[in-house]
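Thanks for asking me to look this one over. Please have the model open as you read my comments.

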Amino acid sequence: GNLEDMPQEAQQVIVNMTFNMGAPRLSKFLKFIKAIHDEDWQTASVEMLDSRWAKQVGDRAIRLSDRIKAIS
């Protein structure tokens, strides 16, 4: 689905990630994107942390991942 159709919390996290790393880099998070489209928030949160981005931004990735996990 489109960003506008997602829960507000998911929209905010995705926008945050896009500003942080840029859309081209975020577009490579294929398993995360699939999980978001499937509304599988648990998998999406795990996929966020399984990345070089998560290691680079540390606590920020954990906070954003927790927000996605809480949607379910």
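The points below go from the whole chain to single residues.

1. Ground rules. This is a predicted model, in which local features need pLDDT of at least 70 and side-chain atom pairs count only at pLDDT 80 or more, while totals for chains, interfaces and linings use all residues. Residues are numbered from 1 along each chain as its sequence is written, and side-chain values use heavy atoms, with hydrogens and water left out.

2. Overall fold. The chain has six helices and zero strands, where helices (H or I, at least four residues) and strands (E, at least two) are DSSP runs numbered from the N terminus. The radius of gyration is 11 Å, close to the 11 Å that the globule rule gives for 72 residues, so the chain is as compact as a globular protein of that length. For that comparison, the radius is taken over C-alpha atoms, and the rule is 2.2 Å times the number of residues to the power 0.38. Along its principal axes, the C-alpha trace spans about 30 × 25 × 20 Å.

3. Buried residues make up 33% of the 72 residues; buried means under 20% relative accessible area, exposed over 50%, and partly exposed in between (1.4 Å probe, protein chains only). Taking contact as heavy atoms within 4.5 Å, residues 24 or more positions apart account for 50% of the contacts with a separation of 6 or more.

4. Salt bridges. Side chains of opposite charge can pair when their charged atoms come close. The count here comes to three salt bridges, each defined as a side-chain nitrogen of Lys or Arg within 4 Å of a carboxyl oxygen of Asp or Glu.

5. The bridge between helices. The side chains of E9 and R67 meet at 2.5 Å, N to O. E9 lies in helix 1 and R67 in helix 6 (residues 59-69), so this pair ties together parts that are 58 residues apart in sequence. E9 is partly exposed at 27% relative accessible area, and R67 is partly exposed at 27%.

6. The other two bridges. K34 and D38 pair at 2.6 Å, N to O; K34 is exposed at 54%, whereas D38 is partly exposed at 47%. D66 and K69 form a salt bridge at 3.9 Å, N to O. These two residues are three apart in helix 6, and therefore D66 and K69 are separated by about one helical turn. D66 is partly exposed at 40%, and so is K69 at 36%.

7. A backbone angle to check. Phi of E39 is near 55 degrees, a positive value in a residue other than glycine. E39 is in the loop between helix 3 (30-37) and helix 4, and at 55% relative accessibility it counts as exposed.

8. One more residue. T18 belongs to helix 1 (residues 8-21) and is partly exposed, with a relative accessible area of 27%. T18 touches A23 and L26, not counting residues up to four places away in sequence.
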